[in-house]
Amino acid sequence: MPQQPEPLVAKLLLAWYDRHHRELPWRVSPAMRGRGLRANPYHVWLSEVMLQQTTVQAVKPYFQKFLNLWPKVTDLAAANTDDVMAAWAGLGYYARARNLKKCAEAVATEHGGIFPDTEAGLRALPGIGDYTAAAVAAIAFDRQAAVMDGNVERVISRLYAISDPLPGAKPLMKSKVVAVTPAERPGDFAQGMMDLGATICTPKRPACALCPLNGECLALRDHDPERFPVKAAKKEKPVRLGAAFVAVDGQGRVLLRRRTASGLLGGMTEVPTTDWTSRKDGGTDVEHAPFRADWQPCGTVVHVFTHFELRLSVYRAHLNATANADGWWEPVETLGEQALPTVMKKAITLAIPLAFQP
DNA sequence: AATACGGGGGG
DNA sequence: CCCCCAGTATT
């Protein structure tokens, strides 16, 4: 038998959350909710999608920008997809933005503009997986849904000293979260667990002395908490090479292209590049340029993706007129409004240092 | 079950 | 600086 009766974990965690929860733009504090103020499902959903694989700090300005541009889910559903991609640029994992738009459209057309209020109903929508469905159901609709993200995995794996490695141990961890999730205030419990993982039960050097669960934690009692969660060995990233071409025409405009709709950086904007597997063993980069010009090398951009490292040789050319090429010519002044992912901003900045200055 | 998919922050 | 972190969809 575990030392801690299940209700105790929820009681301790909720008491801690009442005192230490973070104020966030999409969050309704326990005190305000006590006065009848409900969380806005659109805000909760938007923030949770942005928070997938992404830190609170990075999300904040994007969340505000999206709400200013599209105050209601029906506004987002009616928006121009290119505008949504441009607004998302820099946040990463761009399939999230494509699915965000699809989800808003589904809510608007199939659900009358009202989000489903059950975990299963939410789970059926584009871009909403196990985590987001449970989070929105618990936080926005007060459903007793067990929310498990990376923070919760860490807290749970330490609380029960789970030595099985991730990702195989996920079902076991999920069963533990189900067992401790209370019927009362499940949304606050979920947010409290995630806040605890983000601020106290951190990956390195956890602040166990400040933890409300330190009396129940088996890892603290019997092991080194930092050892948990145990993870399967990771493999090394391959390196891919390529070249990027920043062309500036006689009117101070830069040649841009649209990437194909799916796959890496799908639907985003780019400057012309070679493919990203090319070795430098046959021919030179400029043979693959969009057109003949006086291409000048201006250095290399290194960008690390999840599963490979990209080294882009950047070339620049200033033209007297406008060359004929696929894509479009964008004034340097409006480059900041384009759906340019970070790697492309890096490449353009290397070629035109002041390109993104205000 | 394994892989594809960005970017930011901390030690 | 290198190392680590973290959901969903697809295959």
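Biologist: Ground rules first, please.

Modeller: This is a predicted model, where local features need pLDDT of at least 70 and side-chain atom pairs count only at pLDDT 80 or more, while totals for chains, interfaces and linings use all residues. Residues are numbered from 1 along each chain as its sequence is written, chains are lettered from A and ligands numbered from 1 in the order in which they are written, and side-chain values use heavy atoms, with hydrogens and water left out.

Biologist: How many helices and strands does chain A have?

Modeller: Chain A comes to 14 helices and 6 strands. Those are DSSP runs, numbered from the N terminus: helices are H or I with at least four residues, strands are E with at least two. Along its principal axes, the C-alpha trace of chain A spans about 75 × 50 × 35 Å.

Biologist: Why are H3 and H9 called roughly antiparallel?

Modeller: The axes of H3 (residues 41–50) and H9 (residues 130–141) cross at roughly 150 degrees and come within 9 Å. Axes are lines fitted to C-alpha atoms, for helices over the stretch in contact, and angles run from 0 to 180 degrees between N-to-C directions. Angles under 35 degrees count as roughly parallel, over 145 as roughly antiparallel, 65 to 115 as roughly perpendicular and the rest as oblique. So H3 and H9 are roughly antiparallel to each other.

Biologist: Which residues of H3 and H9 make the contact?

Modeller: H3 brings Pro41, Val44, Trp45, Glu48 and Val49, and H9 brings Tyr131, Thr132, Ala135, Val136, Ile139, Ala140 and Phe141. Contact means heavy atoms within 4.5 Å. By class, the residues where H3 touches H9 divide into 10 nonpolar, 1 polar and 1 charged. Here Ala, Val, Leu, Ile, Met, Phe, Trp, Tyr, Cys and Pro count as nonpolar, Asp, Glu, Lys and Arg as charged, and the others, Gly among them, as polar.

Biologist: How do you know how H3 and H7 are oriented?

Modeller: H3 and H7 (residues 95–110) pack at an angle of about 160 degrees, with their axes 11 Å apart. That is why H3 and H7 are roughly antiparallel to each other. Trp45, Leu46, Val49 and Met50 in H3 meet Arg96, Leu100, Cys103 and Ala104 in H7. The classes in the contact of H3 with H7 are 7 nonpolar, no polar and 1 charged.

Biologist: Is Ala161 buried or exposed, and what makes it so?

Modeller: Ala161 has 17% relative accessibility, so Ala161 counts as buried. The cut-offs are under 20% relative accessible area for buried, over 50% for exposed and partly exposed in between (1.4 Å probe, protein chains only). Ala161 is in the loop between H10 and H11. Its phi is near 50 degrees, a positive value in a residue other than glycine.

Biologist: And what makes Leu265 count as buried?

Modeller: Leu265 counts as buried because its relative accessibility is 9%. Leu265 sits in the loop between S2 (253–258) and S3 (269–270), with phi near 55 degrees, again positive in a residue other than glycine. Of the 358 residues of chain A, 49% count as buried.

Biologist: Where are the cis bonds, then?

Modeller: The bond from Leu166 to Pro167 is cis, with omega near 5 degrees, and Pro167 is in the loop between H10 (150–159) and H11 (170–180). The bond from Phe228 to Pro229 is cis too, with omega near -5 degrees, and Pro229 lies in the loop between H13 (218–222) and S1 (239–248).
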